[in-house]
Amino acid sequence: MTRHLIAVFVLSLGLCGGVFAQAKPQAAGAAPAEAPAAAAVAPAAAGGVQGQNIFEVKPDASADPKYADQTNAERAKVQPGNNAPMWRQVGSGAEGYSSLPKSEAPEAGTLIQPFVQYPGSRLTNAGEAWRQVRNNFIIPYGGSLVLIVLGALALFYFGKGPLGHHANDGRGSIQRFTAFERSAHWTNAIAFCVLAISGVVMAFGKFFLLPVIGGTLFGWLTWTLKTAHNFAGPLFAVSLVVVFLTFVRDNLPGRGDLRWLLKGGGLLSGKEVPSHRFNAGEKLVFWGGVFLLGLFVVSSGLVLDKLLPNLVYVRETMQIAHMVHATSAVLMIVLFMGHIYIGTIGMKGAYRAMREGNVDEAWAREHHELWYDDIKSGKIPAQRDGQAPAGRAVQV
């Protein structure tokens with residue numbers, strides 16, 4: 001107890017002495033104490049102003065030949081508040097420290113991506129480059145392309161009307177599509193319509209829907225369509241593979257395809273060019289839309305949904321996948337718009353052929369004459385679902 005009292009007493013004396021020393025007035029000869037302050041504002045050497053007062057920084061701070069190579073600490077000595085070296089390092093994609101595991105967050109330590117130049121963007125960091133591609137290229141040009149094709153189809157319909165002279169009653173003796181083919185087609189078609197409508201609203205809806213229905217309803221609508229988009233995507237991918245395998249044989253290049261293309265299918269002349277089961281235009285839709293664009297749309301969509309195993313999902317991967325997905329999706333939409341037009345209101349009897357499966361002989365002869373000739377000669381069965389013996393010729 002006595003030792004504790006002595007310690008407290010000594011500590012009190014020390015504190016009092018410190019206070020007394022601080023309160024003690026400075027002697028008359030204390031003028032030299034101001035010398036360090038004066039020296040701090042004195043002109044610096046050739047390396048720039050060596051001061052921490054931002055108001056005392058002079059333009060010659062960048063005269064140092066190694067100015068561009070300075071670290072952030074060195075720059076702060078000549079230009080307080082100038083953190084350009086730090087942000088240059090951040091913008092270069094330099095990785096910092098992160099406590100998150102690398103396997104779960106591979107780029108958690110990277111604040112800003114390095115500089116890149118995507119097609120349609122300036123040389124800037126990857127996030128800004130992706131934004132420029134989307135806002136300056138995909139959205140305006142993609143939206144314009146959809147409107148142009150839609151307007152062209154409308155002009156063609158009102159100027160030319162539906163193609164063909166035979167309406168097709170659907171009760172004909174020739175089976176154009178089997179029950180399995182129709183099921184595969186309609187599954188894929190419904191999934192595509194869900195994806196196309198939801199994609200158009202999410203990409204372009206703020207321009208034509210948001211001003212009409214308001215922010216609250218538009219928010220709920222886009223959330224609902226985004227959810228539907230995510231569920232319809234895998235269904236579309238699987239059904240697209242089934243459609244490809246089902247129809248690939250009859251979409252191989254064949255006799256008469258080049259002649260059909262050179263004459264434009266006879267769309268303007270009013271007399272269709274003879275073709276097999278699928279004409280050259282349908283084959284272009286199949287190989288260009290179903291196969292090529294389908295490959296890009298499905299693969300990029302699987303990346304965006306993070307469904308591909310053993311793939312490192314970082315920002316760069318998702319940005320590239322989005323640009324590929326959006327571009328190929330717009331091209332697929334405009335290509336299938338023509339296909340949907342011909343298959344519904346653009347050609348008499350075409351929709352009933354896919355809905356009910358059968359066509360009459362007059363319709364088959366008018367639109368697919370070479371296919372009709374093969375059926376008539378017995379090379380191709382008129383019915384493929386078991387209603388008639390295989391190889392039986394159509395009685396004409």
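Here is a guided walk through this structure, from the whole chain down to single residues.

The model is predicted, so local features are described only where pLDDT is at least 70, side-chain atom pairs count only at pLDDT 80 or more, and totals for chains, interfaces and linings use all residues. Residues are numbered from 1 along each chain as its sequence is written, and side-chain values use heavy atoms, with hydrogens and water left out.

Let us begin with the overall picture. Of its 396 residues, 33% count as buried. Here buried means under 20% relative accessible area, exposed means over 50%, and partly exposed is in between, using a 1.4 Å probe and protein chains only. The chain exposes about 24100 Å², and carbon and sulfur atoms supply 67% of that area; accessible areas come from the Shrake-Rupley method with a 1.4 Å probe, and for residues only the protein chains shown count as cover. A contact means heavy atoms within 4.5 Å. Among the contacts in the chain with a separation of 6 or more, 62% are between residues 24 or more positions apart.

Now look inside. In soluble globular proteins, nonpolar side chains tend to be buried together. A nonpolar core is a set of buried Ala, Val, Leu, Ile, Met, Phe, Trp, Tyr and Cys residues joined through side-chain atoms within 4.5 Å. The largest one here has 40 residues, of which Ile174, Phe192, Phe236, Met332 and Val359 touch the most other members. Several helices give two or more residues to this core, including H5 (126-160), H6 (179-208) and H11 (350-356). Its largest share, seven residues, comes from H10. To see one member's surroundings, find Phe236: leaving out residues up to four places away in sequence, Phe236 touches Asn188, Ala191, Phe192, Leu195, Val298 and Met332. There is also a second, separate core of seven residues, and Ala129, Ile138, Met323 and Ala326 are among them.

Next come the aromatic rings. Rings of Phe, Tyr and Trp (its six-membered ring) pair if their centres lie within 6.5 Å; planes under 30 degrees apart count as stacked, over 60 as edge-to-face and the rest as tilted. A search of the whole structure finds 16 aromatic pairs. Why does the pair of Phe244 and Trp287 count as edge-to-face? The ring centres of Phe244 and Trp287 are 5.8 Å apart and their planes lie at 85°, so the pair gets that label. Phe244 is in helix H7 (residues 210-247) and Trp287 is in helix H9, so this pair ties together parts 43 residues apart in sequence. Trp287 counts as partly exposed, because its relative accessibility is 30%. Phe247 and Phe278 also form an edge-to-face pair, because their ring centres are 6.0 Å apart and their planes are at 75°. This second pair links distant parts of the chain, with Phe247 in H7 and Phe278 in the loop between H8 (257-262) and H9, 31 residues apart. Phe247 is buried at 6% relative accessibility, and Phe278 is buried at 7%. Elsewhere, Phe156, Tyr157, Phe158 and Tyr341 form one aromatic cluster.

His325 is in H10 and is buried, with a relative accessible area of 17%. The side chains of His325 and Ser300 are joined by a polar contact of 3.0 Å. Ser328 is in H10 too (residues 315-346), and Ser328 counts as buried because its relative accessibility is 4%. A polar atom of the Ser328 side chain lies 3.3 Å from the backbone oxygen of His325.

Finally, visit the loop between helices H9 and H10, where Lys306 and Asn310 are found. Most residues other than glycine have a negative phi. Yet phi is positive in both cases: near 55° for Lys306 and near 60° for Asn310. Lys306 counts as exposed at 52% relative accessibility, and Asn310 counts as exposed at 86%.

Terms used: Helix = DSSP H or I, 4+ residues; strand = E, 2+ residues; numbered from the N terminus. Polar contact = N/O pair within 3.5 Å; in protein donor to acceptor, adjacent residues only side chain to side chain.
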